[in-house]
Amino acid sequence: MELGLVGLGKMGGNMRERIRRAGHTVVGYDRNPDLADVHSLEELVGELSAPRVVWVMVPAGEATQDTVDRLGELLEPGDVVVDGGNSRWTDDEKHAEELAAKGIGFVDCGVSGGVWGLENGYALMYGGDAENVAKVQPVFDALKPEGDFGAVHAGKVGAGHFSKMVHNGIEYAMMQAYAEGWELLEKVDSVENVREVFRSWQEGTVIRSWLLDLAVNALDDDEHLDGLRGYAQDSGEGRWTVEAAIDNAVPLPAITASLFARFASRQDDSPQMKMIAALRNQFGGHAVEKKK
């Protein structure tokens, strides 16, 4: 089949290559002309035969909204837009409604796989009407990992990105658990080879995972992570997961704590810890450390 692909960064570029390897035609557009096959969205749409499928892989928010708006003016009834970025599920509902008014279908797709997806395949979670999903199915089949699993029609519009959001929330908590365990192992004198402890967990334990494998890779590159600053950004999906939990009265203590731990990494000198230290000094006479 033919596919238009908008956004050819780290994910989009590798996705284009994997889809082409499966024998499909991909016409790619990116603001960076060195990456693009065509020089405009107009040219991209003109290269595709109807009914067209255009997959969008640009940052969530304004960039996605602008791209969907422009495609809404360029595409025709029966065409389909796929948002494969990290959009919020509520934006999917808005985009689907706007495009449906013009007879254009919409599918949202959460994509996981990062820089490893080209070779290993991408885990896909997509939402939308069965008719629109069917038009994209050959691309889903090309992108997914080999085997029976790794892709799911999660439900109606928004279900794909909601599922990916929860996936990323779980990812936050898992990474936090590995990080806390690593720090504790590094802290004690009795454990002399933390990296090999992590490596030993890769076989025969209930906590073995791909994330654990990646942790071992990182420790092989820098055994004590001395070259890294203790700072971790959050993509936004962790926040959305916690907000959705509040809206639905679902307790998420581990995921919420892992998100707040990211925020702690932004502070070189935590104001909260100043207050805690002051209170401990006031009620218990505990020592405080003064700024040098």
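The model is predicted.

**Helix α9**

Helix α9 spans residues 210-221 and has twelve residues. From its first C-alpha to its last it reaches 17 Å, close to the 16 Å expected at 1.5 Å a residue. Its buried residues are Leu212, Ala215, Val216 and Leu219. Seen down the axis of α9, these buried residues fall within an arc of 100 degrees, so they line one face of the helix. The elements that cover them include α7 (159-187) and α8 (194-200). At the start of α9, a side-chain oxygen of Ser209 comes to within 3.3 Å of the backbone nitrogen of Leu211.

**Aromatic contacts**

The structure holds six aromatic pairs. A pair of aromatic rings is described by the distance of the centres and the angle of the planes. Two of the pairs are set out below.

| Pair | Centre to centre | Angle between planes | Arrangement |
|---|---|---|---|
| Trp116 and Trp210 | 6.1 Å | 80 degrees | edge-to-face |
| Tyr126 and Phe140 | 3.8 Å | 5 degrees | stacked |

The pair of Trp116 and Trp210 is edge-to-face because planes over 60 degrees apart count as such, and the planes of these two rings stand at 80 degrees. This pair links distant parts of the chain: Trp116 is in the loop between β5 (105-112) and α5 (117-120), whereas Trp210 belongs to helix α9, 94 residues apart. Trp116 is partly exposed, with a relative accessible area of 40%; Trp210 is also partly exposed, with 44%.

Together with Trp55, they form one aromatic cluster.

**Backbone features in loops**

The peptide bond from Ala50 to Pro51 is cis, with omega near -5 degrees. Pro51 is found in the loop between α2 (41-47) and β3 (53-56).

Leu225 has a positive phi of about 55 degrees, although this residue is not a glycine. Leu225 sits in the loop between α9 and α10 (237-247) and is partly exposed, with a relative accessible area of 24%. Ala249, likewise not a glycine, has a positive phi of about 55 degrees. Ala249 is located in the loop between α10 and α11 (253-264). At 70% relative accessibility, Ala249 counts as exposed.

Conventions: Residues are numbered from 1 along each chain as its sequence is written. Side-chain values use heavy atoms; hydrogens and water are left out. Helices (H or I, at least four residues) and strands (E, at least two) are DSSP runs, numbered from the N terminus. The expected span of a helix is 1.5 Å times one less than its number of residues. Buried means under 20% relative accessible area, exposed over 50%, partly exposed in between (1.4 Å probe, protein chains only). The arc is that of the directions from the helix axis to the C-beta atoms. Contact means heavy atoms within 4.5 Å. A polar contact is a pair of N or O atoms within 3.5 Å; within protein, one must be able to donate a hydrogen and the other to accept it, and residues adjacent in sequence count only if both atoms are side-chain atoms. Rings of Phe, Tyr and Trp (its six-membered ring) pair if their centres lie within 6.5 Å; planes under 30 degrees apart count as stacked, over 60 as edge-to-face and the rest as tilted.
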